[in-house]
Amino acid sequence: MAKILKGATAQETHSAILDLIRSSGVVTRVDLADRSGLTGASISRVVKQLLADGLIIETGLGDPTGGKRATLLQFNPRARHAVGISIDTPSTTYVVTDMNGRVIEQLSAKGIGRDTPATVIKRLTAELEDLIVKTSIEPATLVGVGVALAGRQGGGDQLLRANANKYAWEPFAVRDTLSAAIDHPIVVENDSTCAAIGEFWTGRIPSANDFATVYMAAGFGLGLVTNGDVYRGSSSNVGEIGHMVLDVNGPDCWCGGRGCLEGLAAPARVVSLAEQDKSLTADLGLRGRRSAIRSDFARIARAAASGEPRCLALIEESATYLAKALLSITNLLDLDQIILAGPGFSEAGEIYVRVASAEINRLSFVRAMHPTRVELSKLGPSAAALGAASLVLHSQLTPHQTANRGALSG
Ligand SMILES: [Zn+2]
């Protein structure tokens, strides 16, 4: 940290200290000086400013060390708020969070479905306005709106949707259209990256820790946080592990390849394998419609979690393919920690954690050097929306960490 702050501007120093307070939760001025390498006088000056800005508060006294009890500092949770929206085909999730990333209000609404982009954006704008009014937060404390997108992103923060009928890409100008209707900064990012930044912000992960988040909804995505910032790749389409090839002779994939992780392990694959067993289909009441894949998968995963042997075999097979993909990713990136997030892990996440953890710690190339922890996200099925809100807080409050400031508009 001291090295990072060498030659830093006053604004960068403020951001870095605020980020230390975020990852510490509760901290004293002495701790901040120790961890940042700044002098006590510099820390006092920065803290004074952060207190004056209302971003942090004093919350009592710590344990006595050498006689004097130091004042504890922490975020002032109500000082700033953010909205996060996760836009996906089956549903749209909205959350309003405080500065710690705690949810104050949330709403689930209709997803994109087969609607045109214009219809979807109009609906989003109206729902968002209603939600902001309902939460009755002070408008000046709302720092922005983060949008998590499932799917490919195009230039200018557009979502590119594959039109299933034409197999053409449909541009969907999310940021520009929302910016025109909403008087707050809009930040757009893919859902896996949002989930990763949500873990970072709300899980108080220090900037020094590098980790990955695997997000499972209809498919799989990987979000990476390194050195306190998200890794975006050249077009914010980083982490498409769903199209990592695991079987060169495997089934055809809609992406044009074959044997992709998605085709071998995603919810649609698990449901289609379950449907080959007529008695299982009847026992679980699977509906077998394309629009019911998420709920059919949830039934199978719930049964697997309670030990139903046929469902357990199906989920373990899906988990094994995911584990093989994660093993390659760990070997590529040398990670300490992988967090499994998103609605796909809601019912049987523990099975995925068990299988992936065993596989990685049995075969990872660096297993003799350090373990790789595989954990379930604590953010629940709204991880992407929560992460989108965290992304806004991160880019507005600790911008020194955000290399791609072009992602911010408004
Ligand atoms: Zn593919």
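Contact is defined here as heavy atoms within 4.5 Å. The structure is a predicted model, in which local features need pLDDT of at least 70 and side-chain atom pairs count only at pLDDT 80 or more, while totals for chains, interfaces and linings use all residues. Residues are numbered from 1 along each chain as its sequence is written, and side-chain values use heavy atoms, with hydrogens and water left out.

S192 is located in helix α7 (residues 191-202); helices (H or I, at least four residues) and strands (E, at least two) are DSSP runs numbered from the N terminus. With a relative accessibility of 4%, S192 is classed as buried, where buried means under 20% relative accessible area, exposed over 50% and partly exposed in between (1.4 Å probe, protein chains only). When residues up to four places away in sequence are not counted, S192 touches Y215, G221, L222 and G223.

R367, by comparison, was examined in the loop between α13 (349-363) and β16 (373-376). Its relative accessible area is 47%, and R367 is therefore partly exposed. The R367 side chain reaches two backbone oxygens, that of R362 at 3.2 Å and that of S364 at 2.9 Å. A polar contact is a pair of N or O atoms within 3.5 Å; within protein, one must be able to donate a hydrogen and the other to accept it, and residues adjacent in sequence count only if both atoms are side-chain atoms. From C-alpha to C-alpha, R367 and N331 are 9.8 Å apart in space and 36 residues apart in sequence.

Helix α9 (residues 267-275) packs with helix α11 (residues 293-305) at an angle of about 70 degrees, their axes being 9 Å apart. Axes are lines fitted to C-alpha atoms, for helices over the stretch in contact, and angles run from 0 to 180 degrees between N-to-C directions. α9 and α11 are therefore roughly perpendicular to each other (65 to 115 degrees; under 35 is roughly parallel, over 145 roughly antiparallel, and the rest oblique). The contact involves P267, A268, V270, V271, A274 and E275 of α9 together with I293, D296, F297 and I300 of α11.

The axes of helix α3 (residues 29-36) and helix α4 (residues 40-52) come within 10 Å and cross at roughly 120 degrees. α3 and α4 are therefore oblique to each other. In this pair, R29, L32, A33 and S36 of α3 meet I43, S44, V47 and L51 of α4.
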